[in-house]
Amino acid sequence: MKSTIIPDKNRPVEPADLSSSPSKPNMINRLTRYWSYLGMVVLMGMVILVTIDVGGRYFFNMPIDGSTDIIEIMMIIMVFSSFAYGATENKHVRIDFLYNRFSTVLKGYVDIFTSILSIFIVFLISWQLGERAVNIINNPPGPTTSYYGWELMPFIAFAAFGSALLAIQLCTWLYASIKLAFGKGTNFQGSLNESEAVPSPQE
């Protein structure tokens, strides 16, 4: 299989500058990648659990007791261990039909605004989750799952850490956006999107 790069016909393709790309390996990117491995393992376990639970329920009338509790906990781990890695790999949703028509410097200013707004929102989420976990520790008992009665405090703290890691990763995007706005970097977000190749059949 060969890969064909399809550029945007409305603008020239800029070569990716790996020196400013958030995909360049560094301590934060490695941490988010390793952290996401936990979510991958939990996702596979959740698929197996749901398959067994549904099969047992409909074919043998023997569902797994408390499967709802287990799945809810798995979803917390899966989601909050993957948020930061999604930002690292530029896999968040972008509507860029207007953004792609901006100049490189203007893109930098837009990215600065969106990065600051995102950091504020994610930091607020992390702060509230962390405060909730601390309040539960200082004023036990806390909320529990409905079937097994498992304490939710560790998982609330887990979600707070995952959100904080995402906020830190977004700070690296902010730094690169500032460089872009002042003409000292390249549009790494656009470069990453353009570098996604569309497979074409080999002749």
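Reader: What percentage of the contacts in the protein chain with a separation of 6 or more comes from residues 24 or more positions apart?

Author: The model is predicted: local features need pLDDT of at least 70, side-chain atom pairs count only at pLDDT 80 or more, and totals for chains, interfaces and linings use all residues. Residues are numbered from 1 along each chain as its sequence is written, and side-chain values use heavy atoms, with hydrogens and water left out. A contact is a case of heavy atoms within 4.5 Å. For contacts with a separation of 6 or more, residues 24 or more positions apart account for 78%.

Reader: In what order do the elements of the protein chain run from the N terminus on?

Author: Helices (H or I, at least four residues) and strands (E, at least two) are DSSP runs, numbered from the N terminus. The protein chain has 6 helices and 2 strands. Read from the N terminus, the order is β-α-α-α-α-α-α-β.

Reader: At roughly what angle do the axes of α1 and α5 cross?

Author: Axes are lines fitted to C-alpha atoms, for helices over the stretch in contact, with angles from 0 to 180 degrees between N-to-C directions. Helix α1 covers residues 27-59 and helix α5 residues 153-181. The crossing is left-handed, a term for a near helix turned anticlockwise from the far one by less than a right angle (clockwise would be right-handed). The axes come within 11 Å, and the crossing angle is roughly 145°.

Reader: How many charged residues has the contact of α1 with α5?

Author: On the α1 side, the residues include Leu31, Thr32 and Trp35, and on the α5 side they include Phe158, Gly162 and Leu165. Ala, Val, Leu, Ile, Met, Phe, Trp, Tyr, Cys and Pro count as nonpolar, Asp, Glu, Lys and Arg as charged, and the others, Gly among them, as polar. By these classes the contact has 8 nonpolar residues and 5 polar ones, and the number of charged residues is none.

Reader: Is glycine 162 buried or exposed?

Author: Glycine 162 lies in helix α5. Leaving aside neighbours within four places in sequence, glycine 162 is in contact with Trp35 and Phe80. The cut-offs are under 20% relative accessible area for buried and over 50% for exposed, with partly exposed in between (1.4 Å probe, protein chains only). At a relative accessible area of 0%, glycine 162 is therefore buried.

Reader: How far apart are the end C-alpha atoms of helix α4?

Author: Helix α4 (residues 104-138) has 35 residues. The expected span is 1.5 Å times one less than the number of residues, so α4 should span 51 Å. The model agrees with this, since the end C-alpha atoms are separated by 50 Å.

Reader: Which peptide bond is cis, with omega near 0°?

Author: Most peptide bonds are trans. One exception involves proline 141, in the loop between α4 and α5. The cis bond runs from proline 140 to proline 141.

Reader: What is the phi of asparagine 61?

Author: Most residues other than glycine have a negative phi. Asparagine 61 sits in the loop between α1 and α2 (67-80) and is exposed, because its relative accessibility is 65%. Although asparagine 61 is not a glycine, its phi is positive, at about 55°.
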